[in-house]
Amino acid sequence: MSENHLLGNYNRYPVEFAFGEGAYLYDHQGSKYTDFLSGIAVTGFGHAQPDITSAVMKQLNGVWHTSNLFDSSGQKTLAATLAEKSGLDKVFFCNSGTEANEAAIKFARKWGNGRYHIITALGGFHGRTMGALSATGQPKLWNGFFPLVYGFTSVPFGVIESIKSAITPQTVAIMLEPILGEGGVIVPQNGYLKAVKELCEEHNLLLILDEVQTGMGRTGKWFAHQHDDIKPDIITLAKGIANGLPLGALICSDDVASVIKPGDHGSTFGGNPVSVAAANAVTELLTDEVLAENLEFGDYFVSQLTELSLPEVLDIRGKGLMIGIQLADGISSKTVAGKLLNQGIVVGTSGDSVIRVLPPFVISKSDIDHFISTFSAVLAGAEAQGVAV
Ligand SMILES: Cc1ncc(COP(=O)(O)O)c(C=O)c1O
């Protein structure tokens with residue numbers, strides 16, 4: 001098997017993990033890695049979490065799939081929890097964040113009854129299918145895929161005036177991430193989301209918040225917008241919701257839900273019983289104590305790293321366990337991430353200059369201390385060994 005038949009759409013590190021436990025991963029040679037990425041903000045409760053594993057095993061021994069033509073008590077339980085935690089009313093299940101956003105776009109257009117235009121953020125990310133890609137305000141991701149879906153305008157993130165001036169009589173919704181994730185972990189100024197919500201009320205627009213990355217406890221609240229004390233009309237979720245099994249969700253108000261009739265939208269696999277069993281276990285684990293600790297540990301990470309005043313670091317930002325480290329000009333985030341991997345630490349990147357730190361909620365303060373000493377050593381030029389980067 002010398003030939004690799006995998007399509008070349010990913011840049012992969014030449015490391016394969018054989019198993020994981022909590023915040024740690026092990027490769028086939030038995031080398032240990034500390035996970036500061038969580039499979040890109042997915043495995044919040046770590047690897048092989050016993051309660052989630054046993055809920056999944058129980059479901060695997062029952063039914064794997066029956067389709068959405070039949071009743072599902074698992075989906076009903078999960079929907080009730082999501083409704084309660086968000087203060088919204090109805091839930092649609094799908095398989096990914098992209099699909100949740102596609103549903104949001106369709107539901108907003110149906111609700112708009114002829115209005116179709118959606119304002120999104122430059123630097124935002126909502127997925128790779130044609131609707132979600134058109135909502136994604138990153139022109140570099142559009143190249144080669146024109147024409148985009150009609151009816152989206154991306155404006156500078158965090159600037160309320162730029163949204164105001166993009167509103168037309170056809171505008172139906174504003175669609176944003178509360179914190180840009182793929183776009184570099186950009187936290188808007190306090191009051192921005194509240195001002196966007198007010199604008200929506202003034203112009204009868206829906207507020208769609210893409211909490212695919214920020215949701216399910218990552219920032220220290222169930223949903224990141226809850227730091228701003230506002231309520232959107234639609235929330236989209238995926239990633240952490242089922243700790244690694246594929247599941248997406250859209251939560252919306254009764255007002256939005258009322259326009260969607262049988263046959264308007266659907267998915268064969270959406271809300272699969274095994275993924276839903278995992279997600280119900282996740283919701284039980286996501287206690288107030290865990291949320292508080294995510295905030296505390298995030299603050300600890302930022303303050304410890306800030307204290308070092310490393311000349312190679314221009315900025316450290318984020319909320320809870322969603323942290324971006326902006327490197328100084330000329331230092332490649334990919335190179336630093338590769339060197340950290342060689343030293344047994346898994347991180348992500350966004351763009352050429354930001355290291356993305358998205359640890360599982362089970363990370364400890366000593367893991368954070370270990371990260372910080374390894375990170376500063378790598379930046380200081382400590383020679384990496386092992387895989388080439
Ligand atoms: C904010 C946001 N929305 C949507 C997506 C797409 O989600 P998925 O890859 O599950 O389709 C992502 C993925 O990174 C994301 O970060």
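Please keep in mind that the model is predicted. The domain assignment gives the chain domain 1 (17-48 + 287-379) and domain 2 (51-285).

**How the two domains meet**

- Domain 1 and domain 2 have C-alpha centres that lie 26 Å apart.
- Their contact draws on 26 residues from domain 1 and 24 residues from domain 2.
- On the side of domain 1 that touches domain 2, at least two residues each come from α1 (38-41), α11 (288-307), β11 (313-319), β12 (322-327) and β15 (354-357).
- Helix α11 gives the most to that side of domain 1, with 5 residues.
- By residue type, this side of domain 1 divides into 12 nonpolar, 11 polar and 3 charged.

**An open sheet**

- Here 4 strands, in the order β1-β2-β3-β13, form an open sheet with mixed pairing.
- The edges are held by β1 (17-21) and β13 (345-346); each has a single partner strand, so one side of each is left without a neighbour in the sheet.
- Strand β2 (residues 24-27) and strand β3 (residues 32-35) run antiparallel and are joined by 3 bridges.
- Across this pair, Leu25 stands opposite Tyr33 in β3.

How values were computed:
Residues numbered from 1 in each chain as written. Predicted model: local features only at pLDDT ≥ 70, side-chain atom pairs only at ≥ 80, totals over all residues. Pairing = 2+ DSSP bridges. Domains from an automatic or database assignment. Contact = placed C-beta atoms within 7 Å. Nonpolar A, V, L, I, M, F, W, Y, C, P; charged D, E, K, R; others polar.
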